[in-house]
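The exercises below ask the reader to examine a structure step by step. Please study the sequence and the model before reading each solution.

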Amino acid sequence: MAQPLVKKDDDRDDEAEYSPFLGIEKGAVLQEARVFNDPQLDPRRCSQVITKLLYLLNQGETFTKIEATEVFFAVTKLFQSKDVGLRRMVYLMIKELSPSADEVIIVTSSLMKDMNSKTDMYRANAIRVLCRITDGTLLTQIERYLKQAIVDKNPVVASAALVSGIHLLQTNPEIVKRWSNEVQEAVQSRAALVQFHALALLHQIRQNDRLAVSKLVTSLTRGTVRSPLAQCLLIRYTSQVIRESATNTQGGDRPFYDFLESCLRHKAEMVIFEAARAITELSAVTSRELTPAITVLQLFLSSSKPVLRFAAVRTLNKVAMTHPMAVTNCNIDMESLISDQNRSIATLAITTLLKTGNESSVDRLMKQITNFMSDIADEFKIVVVEAIRSLCLKFPLKYRSLMNFLSNILREEGGFEYKKAIVDSIVILIRDIPDAKENGLLHLCEFIEDCEFTYLSTQILHFLGIEGPKTSDPSKYIRYIYNRVHLENATVRAAAVSTLAKFGAMVDALKPRIFVLLRRCLFDSDDEVRDRATLYINTLGGDGEVVETEKDVKDFLFGDFDIPLVNLETSLKNYEPSEQPFDINFVPREVKSHTLAEKKAPGKKPTGLGAPPTAPTSTLDAYETLLSSIPEFSSFGKLFKSSAPVELTEAETEYAVNVVKHIFDRHVVFQYNCTNTIPEQLLENVTVIVDASDAEEFSEVISKPLRSLPYDSPGHAFVAFEKPDGVPAVGKFSNMLRFIVKEVDPATGEAEEDGVEDEYQLEDLEVVAADYMIKVGVSNFRNAWESLGPDCERVDEYGLGPRESLAEAVNAVINLLGMQPCEGTEVVPSNSRSHTCLLSGVYIGNVKVLVRLQFGIDGPKEVAMKLAVRSDDESVSDAIHEIVASG
């Protein structure tokens, strides 16, 4: 039996209540369901049993086919009861059970009878249930009733029909679209919910017709929509039309803006807020357009309703990211919200104030936040920390008070994500504000003295090793680092050994003391710590032998490891011990991406080397092995890069062909992977005829045909071109497949002796600048940038013309250069008007290249870009600029 709903004893601290469904089991409830078969039905008892069944279904309990059928047939017997409450429960039960097609017939007549009943409650619920369980065949029979219900005088019935139409639109759109006239009439209804549901359905019917949606919005914005809910929907549809028309209208007044502004004077608060939010989210919104929306949101800040205060402050928080000056008038109202009982409101108020505050208000805000931080959860604290970081970068002179605040909260209790957010903030401030370096490093050192998170300790030690030796007094950090060797786990001890070695490499005065500390680490209990200590002592020359130059040591300790670990692991597995030592320079540096063949549907076989190799070799290794086995290509030198397969035929055609571009210093080899998909044909002497008239810098040197291509057996044809040495030559190539077709006897599998020469036109192929660049990431872009130095740096500015958005411009340049985005900078925040993107890669000739792109929106849609390139070769830096200038 279900437990009664009673409170626990008064002396308990918590006043949790027992659930009325505590301890119910499916078997017992199914036994209770037998009451549905009683000659004298007890409506109250039956309703209780149905409630339990619904609870079990909604908790994820599954009924077997037999159980569901038995319950369904038992429930249908309850239609004989005239009890209104029980009838509602019966409707719910049938909806949840979703009977099969042959079972639906049992209740269809009862539901259709109820649909034409004089009781409005029966009619509305019967419509909902029928539309939920019916199929297209029955739907055509009841369509006339549903059309009548849509324009019914009773709003409950009309709403039921409209909501059913919204659900049916997903499964039977052609039927629902025939109701447009009735739905249009329902939009003019005086009942608020009917108007709301009718507008939602009408928009869904027309949503794929942009002109029809625009006409709908135009007609309704001129008329009077009485329902506040419908008005909110109309505002959303209006915003959609404004967004879509923004691309076609250059300058001038924004269409429908007057309607949105008039909604700010509506008597319903939800409509006012919806209009204000819509205005703030307009693309390229101006201060003049924002002002009325900000004014009404400011009034909501002092509302007695928490939901209005929350909605207003959250919207203002988003506006502050792009238009901080527009929100400054609300600062006084938001300061009063810092002490709001609702912590979500208080958090949003603080973060908004941090974005909009001026330099003079920083200290006052810090005092208010200090009392507030202990009352909120970690997820809110992280938001505050990130806002403080942004404020510190905005006002660098205030770094002392902000850094002290961050260090104080770093010592307090908190979870991993919260502590990580604080550490990340301090690290960013140290990197971007030179004066904050020594103060910030000391705060981090004090934190690792009592840090419970291994990951954070190792990250801080790594950062200390890079920045610590550059300070005025590096020796003061050694104590904190060496303490970790005695007091921490093996992972942190190993990181501490590496950090000590970095101090020894950078600060000659400390080297003797570092050797003493490293030698003590030789007796550590963990082999990783001992191995690192041995390695660093030998590298730094602590054993008396000088085997490395100072540059080699610094490159080893501070240089970026630009080889993907997966590639290194694969190469080591494939290395066979011999007199020839393992050479790390031959490990592929390209970041492995999924090829087109890997993304194909499972039913279609990938062709040739377009398929992922089954052996544990990388794709590049597999291609290199294949090409080196062909004598004609042996003189081309080392393979620099192989592209992902490019499809030259459409899916499901008689011949499937894709091409892989292999890039060498002086040659480009096209590998055409061919598959014959016709069982009755054998192809022989398969050759690809390549027209390079649109690629003037290329000259064909070798064409290697495919002798035979049986059904469903991939094969390769090759065409090699010569190009200028080390030059990123580009061009377009036309491709024609030429072959001899021989008919195959399906019974014997034998091919006829005589064949017919035939041709098959393939898609064009392009060699682009990105083909000469390998995507290679760097772990620390700033260090890598500084290590390359300014000697080979080239900087210039470019106008990218009108663009849909800043994100589109960023993606276009990344794709043009074919480089690897670093540190997540390929993601552009929404509504951002400026952005910095960092790219890295290896250019043909194995030249390391780093690019810093700074984008900004100049005018309505015009995008300007500043491009800074650093590499090991100034001619490569110039080449990158030429690619962008010509792209």
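Two exercises with worked solutions follow.

This is a predicted model, in which local features need pLDDT of at least 70, side-chain atom pairs count only at pLDDT 80 or more, and totals for chains, interfaces and linings use all residues. Residues are numbered from 1 along each chain as its sequence is written, and side-chain values use heavy atoms, with hydrogens and water left out.

**Exercise 1.** Determine where D771 lies and which side chain it joins through a polar contact.

Step 1. D771 is located in the loop between strand 11 (765-767) and strand 12 (773-775); strands are DSSP runs of E, at least two residues, and helices runs of H or I, at least four, numbered from the N terminus.

Step 2. D771 counts as buried because its relative accessibility is 7%; buried means under 20% relative accessible area, exposed over 50%, and partly exposed in between (1.4 Å probe, protein chains only).

Step 3. The side chains of D771 and K661 are joined by a polar contact of 3.0 Å. Such a contact is a pair of N or O atoms within 3.5 Å; within protein, one must be able to donate a hydrogen and the other to accept it, and residues adjacent in sequence count only if both atoms are side-chain atoms.

Step 4. The D771 side chain also reaches the backbone nitrogen of V768 at 3.0 Å.
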